[in-house]
Amino acid sequence: MGSEKYRYRFLLPALCHLSAEEAPRKILISEGVPALLCEYYQQKWEIFSTEQDLAAERKYEVQLSLQSCCGVFLNLVVTEPSLVCQESCFVSLLKLLMQSLPEKLLREGQLVLVANLSTLGLMMSRLLASSPVVQESFSQDFFLAVIKFLSHSHVLSCEPDEEKQHIALSDGYAQAWADISELWFLGVQAFSACLPLLPWLCTLVLTSGWLQGILSLLDKASPESVDFQLVPVLQALLTQLAQISAPCRELIQHHGGIEKANIYGMAALEQCLSEMA
């Protein structure tokens, strides 16, 4: 195929498209493409993470290749969950994601890559929750890094002519939101789905301050300012935390959880808190 640049521009985007459609996806799976793509991803990751003197343009191309690989993997995770549970290459991929994500959060300018790694890792963790790799010590570092990514997206902002603060995107996220918003929303949903499978995540949510941050945002912001897409994903997260963890539930109730749920139209959360009061 020639140069790596050629392969990135033409092969990976095609795989993204083909893996989203049932018939060609079945062919890709039958030909062993997922395992080959896992090997390719690992090779690219080694180049990206170890070659410090890599030219900026070359490093950017490798980063784009990694992101495109994540897109193919996400298509497979969503459409072929049984494949992820059966093929050992996905366990190896998840281990690599878990070990590499915390490092990436320490670098600037990698938010799109972080979004891809976080969301893909969460989606795979949901399917592979019983796998030993999810119970390894480094998995907690991964989930803490994910929480950092998910929790730093929204902040309180107050315009001079407004009486009450509103929820806005933080500066770094605002610049990349067009590229990462779908991944962020999917990531929060996947994290919520992981909570009943990995109950110890509730402790990380508490110790990280993420739950306190969400409640503070909802306390201080004008309800009218909250994006309509934000409410259902936050409701799902808060409801799972309230159902699974007594400390989380007590904190939510301490912040006027039932009243807050009523104000924001979170019927499932309101019902959960009322039944468990």
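Here are legends for several close-up views of this predicted model. Residues are numbered from 1 along each chain as its sequence is written, and side-chain values use heavy atoms, with hydrogens and water left out. Local features need pLDDT of at least 70 and side-chain atom pairs count only at pLDDT 80 or more, while totals for chains, interfaces and linings use all residues.

View 1. Buried means under 20% relative accessible area, exposed is over 50%, and partly exposed is in between (1.4 Å probe, protein chains only). Helices are DSSP runs (H or I, at least four residues), numbered from the N terminus. Zoom in on Phe-73 and, leaving aside neighbours within four places in sequence, you'll find it in contact with Pro-34, Leu-37, Cys-38, Tyr-41, Phe-90, Leu-93 and Leu-120. Contact means heavy atoms within 4.5 Å.

**View 2. Helix 4 packed on helix 7.** The two axes sit 10 Å apart at an angle of about 25°, so helix 4 and helix 7 count as roughly parallel. Axes are lines fitted to C-alpha atoms, for helices over the stretch in contact, and angles run from 0 to 180 degrees between N-to-C directions. As for the labels, under 35 degrees is roughly parallel, over 145 roughly antiparallel, 65 to 115 roughly perpendicular, and the rest oblique. The crossing of helix 4 and helix 7 is left-handed, that is, the near helix is turned anticlockwise from the far one by less than a right angle (clockwise would be right-handed). Nonpolar covers Ala, Val, Leu, Ile, Met, Phe, Trp, Tyr, Cys and Pro; charged covers Asp, Glu, Lys and Arg; the others, Gly among them, are polar.

**View 3. Helix 7 meets helix 9.** Helix 7 (residues 111-127) and helix 9 (residues 137-151) pack with axes 10 Å apart, at about 125°, which makes the pair oblique. Their crossing is left-handed. Helix 7 brings Leu-111, Val-114, Ala-115, Leu-117, Ser-118, Gly-121, Leu-122 and Ser-125, and helix 9 brings Phe-142, Phe-143, Val-146, Phe-149 and Leu-150. The tally is 10 nonpolar, three polar and no charged residues.

**View 4. Glu-80 in the loop between helix 4 and helix 5.** Helix 4 spans 56-79 and helix 5 spans 81-86, with Glu-80 in the loop between them. Glu-80 has a relative accessible area of 9%, so it counts as buried. Beyond neighbours within four places in sequence, Glu-80 is in contact with Arg-25, Lys-26, Ile-29 and Asn-75.

**View 5. Gln-175, a residue of helix 10.** With a relative accessible area of 73%, Gln-175 is exposed. The C-alpha atoms of Gln-175 and Leu-111 are separated by 9.8 Å, although the two residues are 64 apart along the chain.

Methods
Helix = DSSP H or I, 4+ residues; strand = E, 2+ residues; numbered from the N terminus.
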